[in-house]
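Here is a short report on a structure. Read it with the sequence and the model side by side.

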Amino acid sequence: MNNEELKTTITALLPSDTFEEGGEWLNINVEPKDWLPLAQQLRNDASLFFDYLFCLTCIDWKTHLTMVYHLSSTRCRHNIVVKSKLDRSNPEIETVSKIWKTAEFHEREVYEMFGVKFLNHPDLRLLILPDGWEGKKPMLKDFEDAVNMIRL
Amino acid sequence: MWSFSKIADLVHQSLNHTFSPTLATIIEMVIVGVCVIGLFAVLGLVLVIMERKVSAWIQIRLGPNRVGPKGMFQSLADTVKLLVKEGMTPSGADKFLFNLAPYIALIVAMLLMAPLAFAKDFQMWDLNIGVLYVSAISSVSVISILMAGWSSNNKYSLMGAMRSGAQIVSYELSAGFSVLSVVVLAGSLNLNTIIQSQADGWWIFKGHIPVMISFVIFIIAVTAETNRAPFDLAEAESELTAGFHTEYSGMKFALFFLAEYVNVFIVCAIGATLFLGGWMPFHIGHWDGFNHVMDYIPSSIWFFGKTFFLIFLIMWFRWTFPRLRIDQLLNLEWKYLLPISLFNILLVTAMAILGWYF
Amino acid sequence: MVEEIGTTEEGDLIINVGPQHPATHGVLHLVITLNGETIKKVEPHLGYIHRSIEKMCESLTYRQFIYVTSRMDYLSAHINNHACALCVEKGLDVEIPRRAQVIRVLMDELTRIASHELWWGAMAMDLGAFTPFFHAFRERETINDIMEETCGARLTMNYMVPGGLMADLHPNFQKRVKEFITLYKLKINEYAELVTGNIIFQNRMKGVGYLSAEDAISYGCSGPTARGSGVSCDIRKLYPYEVYDKLEFDEVLETEGDSFARYMVRIGEMNQSIKIIEQLIDNIPDGDFQAKTKVVLKLPKGEFYSRVETARGELGVYIVSEGGTTPYRIKFRSPGFSNLSALDHMARGSKLGDLVAMMGTLDLVIPDIDR
């Protein structure tokens, strides 16, 4: 399916989402609460069949956080990008680790780097940071470490 | 011509001449002890440098080539390094057992030297049950490994020790049966008698197919018993870092290392004695002229030549094969080697009774 | 935090493999729950070599950040650089000269062979065979020499820059590569004799670490790890970049999904890479090796994503630009990270000795996982 077809199919699934144009792939903006049902539909719908979550990350926009999911289908060979705005003071979103198992590790990484809480995640612990890490999440824009950070 | 037996006789006579028989025996024992320790050290050095050179040759590289001519003193330098290193004992370890284990490994290896015939009429102890003695004592070496693994208070060590226990106990059976096939043919447990019985040809040729099968099983089993690759599960370094000797350092580690190499020497010497005639030169039936020519080569050269050939074989295995997994290792023994050797011993017995050997 | 000492309540042994361990090839830390020799759970603890490259890149310009990425997957440094250069070029919307494209593909494939050579040796060493390591390094050394001549470095090349290449090829390049191809074809049979056909090796690999196609996709596996399970995921075929769409090569697929399948995929890939190099080495077009770009690169506001196939799988570079000279946010989707997440699933129920075989065939490069 090309981007236009994807757009119509996904609008039918979830009318409240908005789309961003211009990029290589179709960008879909969803509310955090709509994400899990949409994800299940994206994964299970036979014509969409997004079974490959190849990138999961988060962007700190200083006013809010944005979760970014890059999805691909190994059968239909189409890609989409799903974005979800999170509240910066209390970022929370449902986990998708039950739908795409790779999300478990990627979400743990986002959890420790950005502090996003993934609800119902099976094992939300620090993965990369040393045990007992406290303080600000390192990938946030206002993170300061006078000792280890080098500014050019 | 000088030979080991003549030197031994000379020493024996001169000692008996000067001292009372009891004192002479005691002095002889001390001399033998010193010789064994000396042989031990020399064997360790020689085998380590040999292993490194053989591996280098197989792995298209040079190997040690800095210390001494062609790197021949490298293992000596290593020994000095190990001697001056601190021998640490982990705080959680069972200190007595931890420190005892390497010595047991060493003592077992030393005890195994006793019935070996290094040359014609040159033997520490002409024991009439030599073969039984060897298989009995060699089983003790597993205790040192279990002791080391248990007392280290380290999970890697423990797992290595447990693997080693399972492995040595299993492979002891095949090794025993393959040794037994020669005992059946020779009709004696005395190593000297076995060697004498090969005066008209080595058992591997006289006993043809069944003995060759035993020989192959023997080599596989002793490779496993000495914890050498591809059966080095006890120290499998990519899995268990160093297995049972993970916590050992300095000279205590070196003793394990030394014991391993001397064990390799001993099992190869036993193999050479049983299957390849020990110090017995290469004789063919009643070709007296040929046999006479062969006799000109000293018996000690025959013995060490055969032994080192087998050692080379075992080293060759080590640097070629990947390691087995623990279940595959036990499968190999219990499902293949043991039934084959059981059947083989039957075959050998029938052959011995019917006289179907050369 | 998990108590990492002692045993679990059920009496299972908890064992720490790493951070310093011969089988992890780096500072990976696996906490393994064992019942006897059988693995019940593998829990990776990462971060021992985490340098926060993503954060560093946020304060580096588009010309500078490429050098940091060589240090991610140091065995495919060229391909990392390539991915970053592609992403920046996508943002700048520049077309690079054909000469640069061909040279980039050549370098990528040489890197792939070098990386697979090292993997082959290291994996055999994990299984207890030391000799293959030296044999593999003999060939790898030749590639490193070729790289050194052209790029000036043997491991972290930093040869591909936005707009093309850092420098032109060394005059000896073609001759040396042809010599390498001859050597490689002579020696590849040794690999089969020494390792592939070995009965112990096959027993250690076959049926070990099974990963079904569905699981491979779900765990986000890519590269040879997924292709061993029959998942077609070669970015070079599916989303061709540079001149890959004009080349003749096959995507190596095995369907068994075990360690041996992954092994065979990598061996097959080396042969395919040689095939690609043979097609290109005599057809390097003349011309510039760099497109005309501004000294200070500024990407327009937007998001750019590039995907390339490294030796380990799919590397994605995701740049979020605010229009400045530095990326606002950059994300490296590293293949190793996703491949590692499948390890627990694969390892459960197998023996401890199998774990090293699995880790060997996953081809983990720890700096790539930690970034």
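## Ground rules

A residue is buried if 20 or more other C-beta atoms lie within 10 Å of its own, exposed if 12 or fewer, and partly exposed in between, with C-beta atoms placed from the backbone. This is a predicted model: local features need pLDDT of at least 70, side-chain atom pairs count only at pLDDT 80 or more, and totals for chains, interfaces and linings use all residues. Residues are numbered from 1 along each chain as its sequence is written, while chains are lettered from A and ligands numbered from 1 in the order in which they are written.

UniProt, in an unreviewed entry, lists "domain: NADH:ubiquinone oxidoreductase 30kDa subunit" at residues 28-144 of chain A. UniProt positions follow the numbering used here, feature names are shortened, and annotations may be inferred rather than shown by experiment. Residues 28-144 of chain A are 21% helix and 31% strand, with end C-alpha atoms 32 Å apart. Helices (H or I, at least four residues) and strands (E, at least two) are DSSP runs, numbered from the N terminus.

A:Asp87 sits in strand S5 (residues 79-87) of chain A. Is A:Asp87 buried or exposed? A:Asp87 counts as exposed, because it has 11 C-beta neighbours inside 10 Å. A:Asp87 and A:Leu65 are 22 residues apart in sequence, and their C-alpha atoms are 6.4 Å apart in space.

## Chain B: transmembrane regions

An unreviewed UniProt entry gives the feature "transmembrane region" for several spans of chain B, including residues 130-150 and 253-276. Residues 130-150 of chain B are 100% helix and 0% strand, and their end C-alpha atoms lie 31 Å apart. Residues 253-276 of chain B are 96% helix and 0% strand, with 33 Å between the end C-alpha atoms.

## The largest nonpolar core

A nonpolar core is a set of buried Ala, Val, Leu, Ile, Met, Phe, Trp, Tyr and Cys residues joined through C-beta atoms within 7 Å. The largest one has 241 residues. A:Val116, B:Val182 and B:Phe265 have the most contacts inside this core. Helix H11 (residues 250-275) of chain B gives the most to the core, with 18 residues.

Two residues are in contact if their C-beta atoms, placed from the backbone, lie within 7 Å. Leaving out residues up to four places away in sequence, B:Val182 touches B:Ile194, B:Trp203, B:Val211, B:Leu274 and B:Phe275.

## Chain C: domains and a sheet

For "domain: NADH-quinone oxidoreductase subunit D", an unreviewed UniProt entry lists residues 126-294 and 297-371 of chain C. Residues 126-294 of chain C are 53% helix and 2% strand, and the end C-alpha atoms are 48 Å apart. Residues 297-371 of chain C are 37% helix and 28% strand, with end C-alpha atoms 24 Å apart.

Chain C has an open sheet of 3 strands in the order S6-S7-S8, with antiparallel pairing. Two strands pair if DSSP finds at least two bridges between them. The edge strands of chain C are S6 (302-309) and S8 (329-333), each pairing on one side only. Strand S7 (residues 314-321) of chain C is joined to S8(C) by 5 bridges. One bridge pairs C:Val320 with C:Arg329 in S8(C). Helix H3 (residues 77-92) of chain C packs on the sheet and touches S6 and S7 of chain C.

## Where chains meet

The contact between chains C and A takes 30 residues from chain C and 27 residues from chain A. S7(C) gives the largest share of the chain C side, 4 residues. That side divides into 12 nonpolar, 10 polar and 8 charged residues. Here Ala, Val, Leu, Ile, Met, Phe, Trp, Tyr, Cys and Pro count as nonpolar, Asp, Glu, Lys and Arg as charged, and the others, Gly among them, as polar.

The contact between chains B and C takes 23 residues from chain B and 26 residues from chain C. Helix H10 (237-240) and helix H14 (326-354) of chain B each supply at least two residues of the chain B side. That side has 10 nonpolar, 5 polar and 8 charged residues.

## Two positive phi angles

Most residues other than glycine have a negative phi. B:Asn153 is not a glycine, yet has a positive phi of about 60 degrees. B:Asn153 lies in the loop between helix H5 (130-151) and helix H6 (155-186) of chain B. B:Asn153 counts as partly exposed, because it has 15 C-beta neighbours inside 10 Å.

C:Glu242 is not a glycine, yet has a positive phi of about 50 degrees. C:Glu242 is found in the loop between helix H10 (235-238) and helix H11 (259-281) of chain C. C:Glu242 is buried, because 20 other C-beta atoms lie within 10 Å.

Terms used: Axes fitted to C-alpha atoms, helices over the stretch in contact; angles between N-to-C directions.
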